[in-house]
Amino acid sequence: MNEQTLLLRARQFDQQSLAEVYDLFSPGLYRYCYRLLGSAPLAEDCVAETFSRFLQALYQGKGPTQFLKAYLYRTAHNWIIDQYRHKASQPIPLENAVVPVEPNSTPQTAETHIEQERVRAALFQLTPGQRQVIMLKFLEEWTNEEISLAIGKPVPAVKALQHRALEALKRVLLTTD
Amino acid sequence: MNHNQDLPPDLKDALNSLRAVPERNRHTAALRRQNYLASIKKLPAQARPRSFNISPRLAWLAAAMALVLVMLTGTTITAVAAQGSLPGSLLYPVKTSLEDSQLALAQNSAAQFSLLETFTIRRFTEMDTLLSANTKLPPVLADRLETQFQRMTALAGTMETPGMTLALTSLQEMLQERERLMTASEGHPDDPIYAQIRQRVREMNQLVSAGLADPGQYRQQFENQNRNSSATPNPNGTPGVGPGPVGPNPSITPGDGQGPNATPTPGNGQEPVGPNPSITPGDGQGPNATSTPGNGQGSGGPNPSITPGDGQGTNATPTPGDGQGPGGPNPSITPGDGQGTNATPTEKPGATPTPGDGHGFGSTPTAHPWGGKP
């Protein structure tokens, strides 16, 4: 069953199709959320909230009529932005300012973890659109056409956005080095 | 598809550090999936088309709007239906109320007069319709017509001479035509209302002719009338009142000229009169207890040779012929009305009552020339 047929059935509240949608997209969404959030529980929350919003939209007669995958990733991305804004508005206690490292981690894993946090911090200094393009293009490996559907911009705009995003990320990472 | 080749080397390593994702906790993933499936199962029972998703407040609002719409539509339909109603029918009061509203909205005397003319023609048409259906004319038709006559004559009296002449000429044309029609046909002798209307049309015709002949005197009558009305408020609030019907000889002005606070005296000519001069001299108090206060516009009888009334105006020295214009004989008039409410009858032995015609200028139903209901 292709994505469009699945979506049509899901819109008719076919339970099996709705379950299939979850099974098909939740693993990828989890990875996407984890890469940006760096936290398994937050990534699970992000996935759960994404599907909850999807069901709510269908219940209200809204939601996607096509490009289901793009819709789900856009929803997840918006949830992450909301989380980031909420988190940024709260003062961080000094003890939490240090990157947590698991007690039994090796020096190598600790180093990888620190690098991941540095890159995430750099990504969150980009605009949401730039961050989304970089994530979808270089980590989820989407095509420009798929990205254009997810962010609602034409392909040339996606390319331009990608170029500016890489320049900005490079600048941020080199500054923090 | 690997897009990393598009990446600059210094960014490739940085982004690749995010590529590795720890294995998802199976237990947590299964739990989340269960939650999702549980929410799906609730969904079909709740799911419904968006268009029916109306909140209770919105539903109340829609119901209220629908009610208002129905009321407005109903009112409009009633008003339209009432336009074709005839006197005596259920919707006739709606029709006359609408006419009153139109009159209230008219901007000036000329506009009101024009509307009243239209409504008078409408009354005549209603009368013709009822008669052609062999229906007896209801008193409400005569009442309504009389009210309109009174308002028209009063309105004309408030106008400047050119406007008054124009208005009275127009009214005269209508009345003459109607009188001609009513005289030409034998009429409906069995219908008392018809006879009254015919009589009243004739009297109105005479009044209007007199007004056109001497606009100054016509206006003077209304000015006096207004003075009297302001001195003695009319409890019924009926506007203005026209002058009494003109008698056969307008040049005769026998009258009693009773002012509003006049002290009636027996035999002051206020008493009914008309064709029966042998009537017992009145005591100044008509049998009708609700007589119009203070209009006292009774006039002399139709007999030119009759002795002028004694003139009972306030502080006035009775002068023969100071009345408000001669009245015509109208036996149907309620005798003895037109006395001031504050009047105190006093005996005045030896006074010889002058037969008046009893056609007061009264502004209340008691002075109703139709002799209909008070």
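Of the 177 residues of chain A, 33% count as buried. The structure is a predicted model, with an ipTM of 0.84 and a pTM of 0.42. Chain A contains nine helices and zero strands, and its contact with chain B takes 31 residues from chain A and 32 from chain B. On the side of chain B that touches chain A, the largest share, 12 residues, comes from α2(B).

**Confidence**

- The mean pLDDT of chain B is 67, and 56% of the residues score at least 70.
- Among the elements of chain B, α6(B) has the highest mean pLDDT, 90, while helix α9 (residues 215–231) of chain B has the lowest, 76.
- Residues 232–374 of chain B have a pLDDT below 50.

**Chain A: overall fold**

- The order of elements along the sequence of chain A is α-α-α-α-α-α-α-α-α.
- Among contacts in chain A with a separation of 6 or more, 58% join residues 24 or more positions apart.

**Chain A: helix α2 and backbone features**

- Helix α2 (residues 15–37) of chain A bends by about 40 degrees at A:Phe25. A proline, A:Pro27, follows within four residues of that bend.
- Just after α2(A), A:Gly38 adopts a positive phi of about 70 degrees.
- Most residues other than glycine have a negative phi. A:Phe67 is not a glycine, yet has a positive phi of about 55 degrees.
- A:Phe67 is placed in the loop between α3 (40–59) and α4 (68–88) of chain A. The residue counts as partly exposed because it has 16 C-beta neighbours inside 10 Å.
- A:Glu141 likewise has a positive phi, of about 60 degrees, although it is not a glycine.
- The loop that holds A:Glu141 runs between α7 (128–139) and α8 (144–151) of chain A. With 13 C-beta neighbours inside 10 Å, A:Glu141 counts as partly exposed.

**The side of chain B that touches chain A**

- The contact between the chains draws 32 residues from chain B and 31 residues from chain A.
- Helices α1 (9–16) and α2 (26–46) of chain B each supply at least two residues of the side that touches chain A. The share from α2(B), 12 residues, is the largest.
- By class, this side of chain B comprises 16 nonpolar, nine polar and seven charged residues.

**Chain B: packing of α6 with α8**

- Helix α6 (residues 139–157) of chain B packs against helix α8 (residues 192–213) of chain B at an angle of about 5 degrees, and their axes lie 10 Å apart.
- Angles under 35 degrees count as roughly parallel, and α6(B) and α8(B) are therefore roughly parallel to each other.
- Residues of α6(B) in this contact include B:Leu141, B:Leu145, B:Phe149 and B:Ala156.
- The contact of α6(B) with α8(B) has 10 nonpolar, three polar and two charged residues.

**Chain B: packing of α5 with α7**

- The axes of helix α5 (residues 109–132) of chain B and α7(B) cross at roughly 5 degrees and come within 11 Å.
- This angle also makes α5(B) and α7(B) roughly parallel to each other.
- On α5(B), the contact involves B:Ala110, B:Phe113, B:Glu117, B:Thr120, B:Ile121 and B:Phe124. These meet B:Gly163, B:Ala167, B:Ser170, B:Leu171, B:Met174 and B:Arg178 of α7(B).
- Seven nonpolar, three polar and two charged residues make up the contact of α5(B) with α7(B).

**Chain B: individual residues**

- B:Thr165 lies in helix α7 (residues 161–184) of chain B. B:Thr165 counts as partly exposed because it has 16 C-beta neighbours inside 10 Å.
- Leaving aside neighbours within four places in sequence, B:Thr165 is in contact with B:Leu212 and B:Pro215. B:Leu212 is 47 residues from B:Thr165 in sequence but 6.2 Å away in space, C-alpha to C-alpha.
- B:Glu99 is placed in helix α4 (residues 92–105) of chain B. With 18 C-beta neighbours inside 10 Å, B:Glu99 counts as partly exposed.
- The C-alpha atoms of B:Glu99 and B:Leu116 are 8.8 Å apart, across 17 residues of sequence.

Notes. Residues are numbered from 1 along each chain as its sequence is written. Chains are lettered from A and ligands numbered from 1 in the order in which they are written. This is a predicted model: local features need pLDDT of at least 70, side-chain atom pairs count only at pLDDT 80 or more; totals for chains, interfaces and linings use all residues. A residue is buried if 20 or more other C-beta atoms lie within 10 Å of its own, exposed if 12 or fewer, and partly exposed in between; C-beta atoms are placed from the backbone. Two residues are in contact if their C-beta atoms, placed from the backbone, lie within 7 Å. Ala, Val, Leu, Ile, Met, Phe, Trp, Tyr, Cys and Pro count as nonpolar, Asp, Glu, Lys and Arg as charged, and the others, Gly among them, as polar. Axes are lines fitted to C-alpha atoms, for helices over the stretch in contact, and angles run from 0 to 180 degrees between N-to-C directions. Angles under 35 degrees count as roughly parallel, over 145 as roughly antiparallel, 65 to 115 as roughly perpendicular and the rest as oblique. pLDDT is the predictor's confidence in each residue, from 0 to 100. The bend at a residue is the angle between axes fitted to the seven residues ending there and the seven starting there.
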